[in-house]
Amino acid sequence: MVEKKSILFYSALLAFCFINNFALSAWNNNLKCKFCNDYIEGRYVTFKNNAYHEKCYKDHIQLRCFHCKNTISGEYNIDNGKNYHRLCFRNFILQKCDVCFKPIDDLYIEDQYGNTYHNYHRSTMPTCESCNRIISSSITNGGIKINKKRNICNLCRKYTVNDKSKVNTIYVDVRDELISLGIGNIPEQIPIHLVESKGKLQKLSKIFLPIGLQGYTKYEYQKIGKKKINENYTIYILSHLHEINFRAVLAHELLHVYLYKNDIHLKKSLVEGFCNLGSEHIYKSYAESKIARFRLDAMAKDDDPDYGKGYRIMSLELETNGWRKLLKKLEKY
Ligand SMILES: [Zn+2]
Ligand SMILES: [Zn+2]
Ligand SMILES: [Zn+2]
Ligand SMILES: [Zn+2]
Ligand SMILES: [Zn+2]
């Protein structure tokens, strides 16, 4: 999610109206200009209980706009100790919205890419499910709608995983990565099906998550006595995922396969937590990626008992034990 920032109204609200009092001096009243210290004759200006020649006042005392350098009368804004005409402040000093380019003088949002925009755009414009940026021509160069609930921006679209050959290459990669951690016994090939809607994935898995599932592993086997035969794995992953997400989801699913394959029966609450360590590992390997950062943050804050709390328990275990020790300990859970 995108952080909400504080309310920025006119950063200074000194709606301060000062009045130039013109007065007419009498002869010989010894009235002196506070600025030049000369005697005043005729019209003059009073300001904060002092008298000034009109010209002295205008040239030296009257406030000037820091932007246009012209004199200010009436309401004005102060920002960082500088004075501005209201219009100059609004048009030239206030930050502009990266979506509509208008000044931001109300609630606004700053995303993790440094884009700033009016809060109200979020309710009327789609958000990219990968990077969480508002999809607009200025920020993401547009984007596409995959279905009613899924939108991808054009910046992420280049990296989405949608074809068999890319899926296969990534499978080999992620499997090798897991083997290097000591997670062995994962089949060389498992059929992977790309599913377009989260609803369909939910139906297949019968797992309901408020944010929607991204992957599911179906495990089937036959038994002769106590012995399992014909074990079958099928992995379903959401289509159009950004490659980093796809890898993370696949790593999660492959850890399910690892648990099945090695007959490891964790407490139910720790199964998803353990499998999320696969995703965590992938995201951490993309240290520079904001998408990875965003996902790691979401996992750290997730309050789901399995995917969130269970994950944090397992993540701490991994931190203290390292992969190899943790894998050995798994049976005792
Ligand atoms: Zn003067
Ligand atoms: Zn001005
Ligand atoms: Zn805007
Ligand atoms: Zn995106
Ligand atoms: Zn899972």
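Two residues are taken to be in contact if their C-beta atoms, placed from the backbone, lie within 7 Å. In the predicted model, P126 meets this criterion with I135, G143, K145 and N151, its neighbours within four places in sequence being left aside. P126 is placed in the loop that runs between α3 (121–124) and α4 (137–140).

The chain as a whole contains 11 helices and 15 strands. The C-alpha trace spans about 120 × 40 × 30 Å along its principal axes. Buried residues make up 28% of the 333 in the chain. Among contacts with a separation of 6 or more, 46% are between residues 24 or more positions apart.

Two helix pairs that share α9 were examined. Helix α9 (residues 268–285) packs with helix α11 (residues 305–329) at an angle of about 65°, the two axes lying 7 Å apart. At this angle α9 is roughly perpendicular to α11, and the crossing of the pair is right-handed. On the α9 side the contact involves S269, L270, E272, G273, F274, N276, L277 and E280, which meet P305, D306, Y307, G310, Y311, I313, M314, S315 and L318 of α11. The residues of this contact divide into 9 nonpolar, 5 polar and 3 charged.

Helix α8 (residues 243–261) also packs with α9, at an angle of about 140° and with the axes 7 Å apart. The angle makes α8 oblique to α9, since only angles over 145 degrees count as roughly antiparallel. The crossing of α8 and α9 is right-handed. From α8 the contact draws on R247, A248, V249, A251, H252, L254, L255, H256 and L259, and from α9 on V271, F274, C275, N276, L277, G278, S279, H281, I282 and Y283. By class, the contact of α8 with α9 has 12 nonpolar, 6 polar and 1 charged residues. F274, N276 and L277 of α9 take part in the contact with α11 and also in that with α8.

Key
Residues are numbered from 1 along each chain as its sequence is written. Chains are lettered from A and ligands numbered from 1 in the order in which they are written. This is a predicted model: local features need pLDDT of at least 70, side-chain atom pairs count only at pLDDT 80 or more; totals for chains, interfaces and linings use all residues. Helices (H or I, at least four residues) and strands (E, at least two) are DSSP runs, numbered from the N terminus. A residue is buried if 20 or more other C-beta atoms lie within 10 Å of its own, exposed if 12 or fewer, and partly exposed in between; C-beta atoms are placed from the backbone. Axes are lines fitted to C-alpha atoms, for helices over the stretch in contact, and angles run from 0 to 180 degrees between N-to-C directions. Angles under 35 degrees count as roughly parallel, over 145 as roughly antiparallel, 65 to 115 as roughly perpendicular and the rest as oblique. A crossing is left-handed if the near helix is turned anticlockwise from the far one by less than a right angle, and right-handed if clockwise. Ala, Val, Leu, Ile, Met, Phe, Trp, Tyr, Cys and Pro count as nonpolar, Asp, Glu, Lys and Arg as charged, and the others, Gly among them, as polar.
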